[in-house]
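Please look at the sequence and the structure first.

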Amino acid sequence: MRAELSLESALIARRHAGRRYLVFIVLSASVLILTFANLMIGAVSHPVGDVLRELVRPFTDSGTDLSFIVWKIRLPRALATVMGGAYLAASGLLLQVYFRNPVVGPYILGISSGATLAVSLAMLTPLGLRLAYLTPFLTTLAGLAGAYLVMTLVVAVAARVSSGATLLIVGLMTGYICSSVTAILTALAEKEKIKGFVLWGLGSFSGFKWLEIWIMLAFGGLLVLSIFLLSKPLNAFLLGEEYAASMGVSIRRFRLFILLAASSLAGLVTAMAGPVAFVGLAVPHMARLSLATSDNRVLIPGACLMGAIVTGACDLIARTWLSPVELPISAITAFFGAPVVIGLLLKRGVKM
Amino acid sequence: MTAEASRPREPDPRGLPREEVVLRAENLSVGYKKPVLSGLSFSFPQGSFVSVLGSNGVGKSTLLRTLSRHLPPLGGEIKIRERPLSGYSASEFAKVVSVVMTDRASPPLLRVLEYVGLGRHPHTGFLGKLRETDVEVVLRCLADVKARHLSDRFVDQLSDGERQKVSLARALAQEPRLMLLDEPTAHLDLKHRVELMGILRGLCREKSLSVLAAVHDVDVAAKVSDQVLALKDGGLTSFGPPQEVLSSRFVSKLYDFEKAGYSSHLGGIEIRGDGSRGRVFVLTEKDRGAQSLRHLSKHGYALKVGVPERHDLDAYVAGALGAEVLTRDSRGGKPEEILRKAFRSLEDCDFLVDALGPEAPNPPGGEEAPGREKGNDAPFSGGGRPDGGFYRRELLREASRLGLTIISLGPGGDAAPLARELEERGTALSGTYGKALSGS
């Protein structure tokens, strides 16, 4: 009996590992291929060989047009979509686990509304003119400030209330307040400014600077790594706070960590690319459904890779579909992503 | 100490001294800001099954939440294995105490094996990877709750009963000394209720697990518990073995029963009717009329019962139903005396139900007369003790003299005539019960 049990447990322990490795190899390969496609395809498309040659040769100002396009425009943008998608997916996953609610996304706590409000202050009011010396980082800084102010507020509330539902409502309300102020500012603003602002509100990965890429990589990478390292207590959270506590997770600290990490990631992406809809809400579901698990040790890397793929693909479409007009990324993510989620849900027949 | 060394806790009760006190509460107060319960002092040894009884809202869950450290105690002290609750780190505590709450979390896309594996949380390493030994524990726990076959299913696709077993397995996978359960059998059907309690009972006996469970079924508590913790009016009413604590009077008071009675002999609850429909005298003994008694009570008849022996099943059922019971071996009761009483109470009855059937239940020379009476158990002829047949004959004669309707139940307690009669009297019989009754 005992020997049988050991053998069986060994088999079980090994069983899922193989398939998952395969899935991760496929996902990682897709990210690489897509990134490369993003470097090749655009207003002017280039063959693989040329792009590869440019990539192995570091950028110099005296280089070719292609060198400029790859190093100054397409590579930062491609990297930004990879990171942006990954961070939003991780953020959404984290909050879905924490609130045990499948319709929660990274913006549920008012992060994007806060960023939008701050950006509207910068873009639509004379305040922006006075801070003009901050351009081209003005909107980014404003977005960052707005997002993190709201985050601080929500986390401060979270330290006082223990109910997840209460916190959700507080976040939603904060979001509504920010939105209504934004609406007032929009109504008062000059016509020409409004289009730019509205387009910002739909998100775009264009015009990323290398500085921003490094900041995103360092700051966001650290957060994603720490989230992954905490996937054990996060798994315990699948059963709710009380069970997690009964299994030895110290709830108070962990709750603050979840909220801080999720909001920081969402705020970071939002400040730099605007509110990118859908990715944070839907990609965790795509990951869950296609990997057929709720285990966060698998889901966190899975969702990050899928977020990168979805965002990368959508950005490619946004740039090329109606070129030379560039579509806002939020339009594409939802348009192509929602049917995928619906399809997966129907196929698996899962109740979330 | 390495994790490996602490792991193989042998489920051998010899390894765990049974006398060791696993939980001790001293003058404990629990509640949210304001105490809900106070002055609680109790302790019990390793391997005990302790049921917490009390009506809804009395504070059972609050007590459990305090013991599991979800709520800070408002006063007094709790010791687990003689160590104060606050002296445990979160993960140390999780290795000693596990909980099963009413909230049955069932995340989507989580297999039973993974779900139960979450219970290994306090034992696994940094990323919570299950090693072979962990999987082994998980499988053993699943086998312990008889849910081994479920290991590959998704948790959210299980039935309520299966899910509760699986959550029990998850709590077991923590390898605790003490398990706290809040209404573990709520929402379960009878089969799973009985099975689950049996499993818990077995774990206490065989693995020396200690269980503290808030339960609603007094009858179940009486049957499985070593100790009963009865809560009422903000405090501990009684703590002790069920056979000492759970008297009929005590249970009725604990729950403020008015419309029900608990019989410690039957170990069950009987629901009382309001007796507004009329009065019935039921001739019964030896389980002939127990079903009919319940039926009549349910349909609103006040019951009088004669003339079983004092320790007859029907006497207990009738007692729990709040009936006036005349027994034939009442102390000092001469047969004439008993008969006179029976006649008196027959006078204001509306009809008589003869559950003893056409044939006398106790032919002279009685088949199963209790041993101590065997010696003088002669048919009634003035001196000895009369049997049921005697009383039945006398009461039937008296009933006809009084002109009472007599309903005779068929052989084997067939209640079809009773159902017919009740129907004529305007009692709507609920279909299935009526059929079951007449078919039995």
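How many salt bridges does the rule find across the interface of chain B and chain A? The model is a predicted one, and in it the rule finds one salt bridge across that interface. Its partners are E242(A) and R65(B), whose closest N and O atoms lie 2.2 Å apart. That pair counts as a salt bridge because the cut-off is 4 Å. Polar contacts between chain B and chain A number 13 residue pairs.

On the side of chain B that touches chain A, α5(B) gives the most, with five residues.

| Element of chain B | Residues |
|---|---|
| α3 | 90-96 |
| β6 | 97-100 |
| α4 | 112-118 |
| α5 | 132-144 |

By class, this side of chain B holds 21 nonpolar, eight polar and 12 charged residues.

The contact as a whole involves 39 residues of chain A and 41 residues of chain B. Together the two chains bury about 3,500 Å², with 58% of that area on carbon and sulfur atoms. L109(B), H121(B) and L127(B) account for 20% of the area that chain B buries against chain A, more than any other three residues.

The largest nonpolar core contains 183 residues, and L23(B), L63(B) and L212(B) have the most contacts inside it. Helix α3 of chain A, residues 65-99, contributes the largest share of this core, 13 residues. Leaving aside residues up to four places away in sequence, L63(B) touches L28(B), V30(B), L37(B), L40(B), V52(B), L229(B) and L231(B). A second, separate core has 19 residues, including L293(B), V317(B), A318(B) and V353(B).

Conventions. Residues are numbered from 1 along each chain as its sequence is written. Chains are lettered from A and ligands numbered from 1 in the order in which they are written. This is a predicted model: local features need pLDDT of at least 70, side-chain atom pairs count only at pLDDT 80 or more; totals for chains, interfaces and linings use all residues. Side-chain values use heavy atoms; hydrogens and water are left out. Contact means heavy atoms within 4.5 Å. Buried area is the accessible area (1.4 Å probe) that two parts lose on being put together, summed over both. A salt bridge is a side-chain nitrogen of Lys or Arg within 4 Å of a carboxyl oxygen of Asp or Glu. A polar contact is a pair of N or O atoms within 3.5 Å; within protein, one must be able to donate a hydrogen and the other to accept it, and residues adjacent in sequence count only if both atoms are side-chain atoms. Helices (H or I, at least four residues) and strands (E, at least two) are DSSP runs, numbered from the N terminus. Ala, Val, Leu, Ile, Met, Phe, Trp, Tyr, Cys and Pro count as nonpolar, Asp, Glu, Lys and Arg as charged, and the others, Gly among them, as polar. A nonpolar core is a set of buried Ala, Val, Leu, Ile, Met, Phe, Trp, Tyr and Cys residues joined through side-chain atoms within 4.5 Å. Buried means under 20% relative accessible area, exposed over 50%, partly exposed in between (1.4 Å probe, protein chains only).
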